[in-house]
Amino acid sequence: MNTEQLIASLSGEVTQKRALGKPAALGLRMGAVLALYGLAAQWLLGFRPDLAVQFTHPLYVLEVLLLVAIMLTSYAAALLTMYPDQYQYRSLLHWPTRLVSLFAVLIVVQLGMSGPITVIHPEGIGCTLCIASVAILPSAALFILIRRGATTTPQLSGLYAALASCSVGCIVQRLSEHTDSMQHLAGWHYLPTLIFAGIGAWIGHKELKW
Amino acid sequence: MSTKPNKYAEITALFCEGNAGNALSYQRFLVGITPMLRRVIMRRLPPADAEDVLQEVLISIHKARHTFDGDRPLMPWLMAITSFRINDYLRKAYATSRRETVDIDSLADILPEVTETMGADESINELLADVPERERKILTLMHVEGFTAKETGAKLGMKESAVKVAAHRAVKKIREKMGT
């Protein structure tokens, strides 16, 4: 088939296709659902009894705020990647990585303050599984949503979708778990989150092609 | 004659009308952008492959048309899809060229004769001629027959360290003879 024939064929099958809409509107609708989901997960896991005291500690507050910021920017970036031109807001795609870098610095500083690294107990795997369990449904929902678009960065879409979902898990876990050992948090919460984000990138590469 | 901004406004309007279901406008849009896309593609790909990639891009534009709502410039959207498909094509082309193998027999008539038959006078014996007997034996045992320094020493009744020193001196003499 030559190009002229292709054009005639494509024109012949054109019908009114429902537009994807603006990312802000899409984000608010999906975001409301995810927020309810996060609140439900938090209600199930509960809050740590000393939460009010923890919120007087600046490093704890900074950690939670950065997690929230990473969640929101990753979510926004994942939505923007649904559009081939990222809705011409390409600069916003860099924000999650910048915030993750800042977060990594915070964790390393706190690790330095916590003294020598001791053996990380394998019971911590429960926290990782909890984060993964919380993240599965939002990840799946985001992947299904992104497939409705036409991403030209499938790996990035997958990575941000997984990062946003795992951030929800990390926040829920951080607000409910009565552990402040940075070695535990780094080893069983945040490092697995990065690994899950990498897995998300791989899944994105496989599943978000069009 | 339309000025550049008007030209894009017309194309954008045609695309939006096509998205709304107007087949004629959609066809005029595709016909209008084809020459520009072809130029962009041919800047990066060989002409033989450009038409295939152009058709891929047109199909992709058709599939992704629901992601453009007319509220932003059209050209970045078009160029993003075009770049995506060009890079996709290049990735596949590189992967295919790495996997493909060529039967070397098919190149026999093309490749120049790179090996030469060694003449009678081109022999390692010539290089060893000026080397003393004992060192010649050591080099032959170690580098021709493959014995270690320890094994060579055992055969010749020498210490391992003495074998190594003798071998080193012999190689040095040969290098001097070869001019390296």
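**Figure 1. Accessible surface and overall build of chain A in the predicted model****.** The accessible surface of chain A is about 10600 Å², and carbon and sulfur atoms hold 72% of it; such areas come from the Shrake-Rupley method with a 1.4 Å probe, and for residues only the protein chains shown count as cover. This is a predicted model in which local features need pLDDT of at least 70 and side-chain atom pairs count only at pLDDT 80 or more, while totals for chains, interfaces and linings use all residues. Residues are numbered from 1 along each chain as its sequence is written, chains are lettered from A and ligands numbered from 1 in the order in which they are written, and side-chain values use heavy atoms, with hydrogens and water left out. Chain A contains eight helices and zero strands, in the order α-α-α-α-α-α-α-α along the sequence. Helices (H or I, at least four residues) and strands (E, at least two) are DSSP runs numbered from the N terminus. The C-alpha trace of chain A spans about 70 × 30 × 30 Å along its principal axes. Of its 210 residues, 47% are buried, where buried means under 20% relative accessible area, exposed over 50% and partly exposed in between (1.4 Å probe, protein chains only). Among contacts in chain A with a separation of 6 or more, 83% are between residues 24 or more positions apart; a contact means heavy atoms within 4.5 Å.

Figure 2. Buried residues account for 33% of the 180 residues in chain B. Contacts joining residues at least 24 apart make up 55% of those in chain B between residues at least 6 apart in sequence. The accessible surface of chain B is about 11800 Å², with 55% on carbon and sulfur atoms.

**Figure 3. The interface of chain A with chain B****.** In this interface, 31 residues of chain A are in contact with 34 residues of chain B. The size of an interface is often given as the accessible area lost when the parts come together. Chain A and chain B bury about 2700 Å² between them, and 62% of this area lies on carbon and sulfur atoms; buried area is the accessible area (1.4 Å probe) that two parts lose on being put together, summed over both. V14(A), K17(A) and W210(A) contribute 24% of the area that chain A buries against chain B, more than any other three residues.

**Figure 4. Helix 1 of chain A against helix 2 of chain B****.** Two packed helices are described by the angle between their axes and the distance between the axes. Helix 1 (residues 3-12) of chain A and helix 2 (residues 23-44) of chain B have axes that come within 9 Å and cross at roughly 145 degrees. Axes are lines fitted to C-alpha atoms, for helices over the stretch in contact, and angles run from 0 to 180 degrees between N-to-C directions. On the chain A side, T3(A), I7(A), A8(A), L10(A) and S11(A) meet residues of helix 2 of chain B that include Y26(B), L30(B), V31(B) and R38(B).

Figure 5. Apart from neighbours within four places in sequence, M1(A) is in contact with L6(A) and Q55(B).

**Figure 6. Q86(A) and Q88(A) between helix 4 and helix 5 of chain A****.** Most residues other than glycine have a negative phi. Q86(A), in the loop between helix 4 (58-80) and helix 5 of chain A, has a positive phi near 50 degrees; Q86(A) is buried, with a relative accessible area of 3%. Q88(A) lies in the loop between helix 4 and helix 5 and has a positive phi near 60 degrees. At 29% relative accessibility, Q88(A) is partly exposed.

**Figure 7. F103(A) and V109(A) in helix 5 of chain A****.** F103(A), in helix 5 of chain A, is buried at 7% relative accessibility. Leaving aside neighbours within four places in sequence, its contacts are E63(A), L66(A), L67(A), I70(A) and Y190(A). The C-alpha atoms of F103(A) and S165(A) are separated by 17 Å, and the two residues are 62 apart along the chain. V109(A) is placed in helix 5 (residues 95-113) and is partly exposed, at 43% relative accessibility. V109(A) and R174(A), 65 residues apart in sequence, are 18 Å apart from C-alpha to C-alpha.
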